[in-house]
Amino acid sequence: MPQQYPPQAQPYGTPHPAGWQPPPPPKSRVGLILGIVGGVVGLVVLGSVGLWVVGTQSTGGFPEAEYKLALPETVLDGEYKLAQDLSDSEGRQVEEEADGAFDARDVTAAVAQYAPAKEGTEGALIVSGMYGRFKNTDAARDNMLKGAAGVSSIKVVVPPEDYTPGDSELTISCQVVTQNQAGSEITYPMCAWADGNTGASVAELSVESVGQDASEVDVEAFAERTLQVRSELRQPIS
C-alpha cells in the first residue's frame, strides 16, 4: 500500500482559481490630492495670463501705484502656510504677457501655493496674481475666470457670479469648475478680484474636492475667504 501524505495546509486560507488577482486597494482621497495640486497650479496661473490686454491703445488714465501683493508665510488667520513661492517660475509668463499690454503698467507677478497648516491635513490654496497699475479692471476680473474655463481639462459647472462680501464694496467674481486630474474628477471654487493696483484668481482644493457635487460648494463663503486673502496679501507700498 503506497504511503499516504497529509494534505498540505494552504498558507493563505481558501485557495483561489487560477489567474485570480487580489482586488486593488481603494484609492485614498488624501493621497490623490498630492498628485492633483501640481496639475492645478499651472492651470490657475493660465487664468491670469494675457487677460489684462482688453483695452485700447491709450497711455493715460492709469492709477498711481499705491499697493502691492505680498506673499505672507500664512493666510486665512494661519489656516494655510506658504508651501511654494512660484512668482519667479510660473509667474514669469504672467509678467511676459502683461509686458506692453494696453491695460497694464509696471507689472509684477505674485503666484503661490499654500498648504494646510494643520498636520495631517491635505489640500491647497492657490493664488495667481499680479500687481502694478491697471485699467479696465471689471473686464480683467471676468477674463481671469474665462481664461481658466478655456483650458481643455476644465469644465465650468457653476457659471461666474458677482459677490460683494462683507462690508466691502469690492466685487469678487466666482465660479465652480471640475477637472479631470490624476484619474479622478475634482470640483472646486475659483474666485477673482481686480482693482487699480492688484488682481488675482484664487482656488481652493481639499480632500472633499475629489468627487464632490458642485451643489455642495459654498461659493458665497469662498468669496468671503477670497476677500480675506486679498486683505492679507494686499499691502501699501511704503
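Two strands pair if DSSP finds at least two bridges between them. Strands (E, at least two residues) and helices (H or I, at least four) are DSSP runs, numbered from the N terminus. Keep both terms at hand for this tour.

The model is predicted: local features need pLDDT of at least 70, side-chain atom pairs count only at pLDDT 80 or more, and totals for chains, interfaces and linings use all residues. Residues are numbered from 1 along each chain as its sequence is written, and side-chain values use heavy atoms, with hydrogens and water left out.

**Whole chain.** Show it as a cartoon. Four helices and ten strands make up its elements. From the N terminus they run α-β-β-β-α-β-β-α-β-β-β-β-α-β. Of the 238 residues, 44% are buried; buried means under 20% relative accessible area, exposed over 50%, and partly exposed in between (1.4 Å probe, protein chains only).

**The sheet.** Select β2 to β9. They form an open sheet of eight strands in the order β2-β3-β4-β5-β9-β8-β7-β6, with antiparallel pairing. Look at the edges: β2 (74–75) and β6 stand there with a single partner strand each, so one side of each has no neighbour in the sheet.

**β7 and β8.** Select residues 172–181 and 184–194. Nine bridges join these antiparallel strands, β7 and β8. Pick V176, then find its bridge partner in β8, P189.

**β9.** Select residues 198–206. Eight of the nine residues of β9 are buried, so the strand is largely enclosed by the rest of the structure. On one pairing, β5 and β9 run antiparallel over nine bridges. S128 has S201 in β9 as its bridge partner. On another, β8 and β9 pair in the antiparallel sense over five bridges. Three residues lie between β8 and β9 in their hairpin.

Beyond four places in sequence, its contacts include R141, Y163, W193, A223 and L227. Contact means heavy atoms within 4.5 Å.

**Y163.** Move to strand β6 (residues 154–163), where Y163 is found. Is Y163 buried or exposed? Y163 is buried, at a relative accessible area of 15%. Beyond its neighbours within four places in sequence, its contacts include L170, I172, V219 and A223. S173 is ten residues from Y163 in sequence, and 6.1 Å away in space, C-alpha to C-alpha.

**Last stop: G61.** Select the loop between α1 (29–46) and β1 (67–69), which holds G61. G61 is exposed, with a relative accessible area of 66%. D103 is 42 residues from G61 in sequence, and 9.5 Å away in space, C-alpha to C-alpha.
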